[in-house]
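Please keep the sequence and the model in view while reading.

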Amino acid sequence: MKKNDIILIIVIAFIALSSFVTILLLQRSSGDTAVVTYHDPSEGDIQILEINLSDGSYTIINESLVYFANGSEEKEVYKRCFTEDYIYCVLGELGIVVIEYDNNRVRVIEETSPQNICQIQGYTNSPLKPLTCLPNYITIIVRTDDELDFNS
């Protein structure tokens, strides 16, 4: 090996390592608000709910797509909808989608779909990792305060 070969290997290794570290740092950046939307094919994306990731407080934007527990639910988890802290329920195409807030992050804990992929995705608090429930047309996107408004 010549001197120039060694220098080239060191430069490539440095670029690869710095790129890897940058990607890790971007993935760990946490957002401030989880925005839950429903995609209506005729109307586009409709915001349903915003969940503050610092404390779990929420703002209902479209009450017609929110599910509140009424005591006659089939599944036990639906009885927790907005009656327990940090459990939020929205209406998807195939049924109720139950969202849980825990420790500055959100996840889907119950939904109706053939393979329950939305539940398998786990927690998110990163703008780089949205949760997508395709059969239910529900998406949870993490947004930071310095981003533009979702509907702009």
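**Rings, cross-links and cores**

Phenylalanine 82 has a relative accessible area of 16% and is therefore buried; buried means under 20% relative accessible area, exposed over 50%, and partly exposed in between, with a 1.4 Å probe and protein chains only. The model is predicted, so local features need pLDDT of at least 70 and side-chain atom pairs count only at pLDDT 80 or more, whereas totals for chains, interfaces and linings use all residues. Residues are numbered from 1 along each chain as its sequence is written, and side-chain values use heavy atoms, with hydrogens and water left out.

The model contains 7 aromatic pairs, where rings of Phe, Tyr and Trp (its six-membered ring) pair if their centres lie within 6.5 Å, and planes under 30 degrees apart count as stacked, over 60 as edge-to-face and the rest as tilted. Phenylalanine 82 forms a tilted pair with phenylalanine 68, at 4.9 Å centre to centre and 45° between the planes. Both phenylalanine 68 and phenylalanine 82 lie in the loop between β3 (58-60) and β4, 14 residues apart; strands (E, at least two residues) and helices (H or I, at least four) are DSSP runs numbered from the N terminus. Phenylalanine 68, with a relative accessible area of 34%, is partly exposed. The rings of phenylalanine 82 and tyrosine 88 have centres 5.9 Å apart and planes at 65°, so this pair is edge-to-face. Tyrosine 88 is buried, at 1% relative accessibility. Ring pairs join Tyr58, Phe68, Phe82 and Tyr88 into a cluster.

The cysteines come next. A disulfide is a covalent bond between the sulfur atoms of two cysteines. Counting pairs of cysteine sulfur atoms within 2.5 Å, the model has 2 disulfides. In one, the sulfur atoms of cysteine 81 and cysteine 89 are 1.9 Å apart; the torsion about their S-S bond is about -75°, so the disulfide is left-handed. Cysteine 81 and cysteine 89 are both buried. Another disulfide joins cysteine 118 to cysteine 133, with an S to S distance of 1.8 Å. This pair links distant parts of the chain, with cysteine 118 in helix α2 (residues 117-120) and cysteine 133 in strand β7, 15 residues apart. Cysteine 118 and cysteine 133 are likewise buried.

A nonpolar core is a set of buried Ala, Val, Leu, Ile, Met, Phe, Trp, Tyr and Cys residues joined through side-chain atoms within 4.5 Å. The largest such core has 24 residues, and those with the most contacts inside it are Val36, Ile48, Ile51 and Ile99. Among the elements that give two or more residues to this core are β1 (33-40), β2 (44-52) and β5 (96-101). Strand β2 gives the most, with 4 residues. A second, separate core of 9 residues includes Tyr67, Tyr78, Ile87 and Ile96.

Polar side chains complete the tour. Glutamate 100 is located in strand β5 and counts as buried at 15% relative accessibility. Its side chain makes a polar contact of 2.7 Å with the side chain of arginine 107; a polar contact is a pair of N or O atoms within 3.5 Å, and within protein one must be able to donate a hydrogen and the other to accept it, while residues adjacent in sequence count only if both atoms are side-chain atoms. The side chains of glutamate 100 and tyrosine 123 are joined by a polar contact of 3.4 Å. Arginine 105 lies over the face of tyrosine 123, at 3.7 Å from the ring centre; a charge sits over a ring if NZ of Lys or CZ of Arg is within 6 Å of the ring centre and within 35 degrees of the ring normal.
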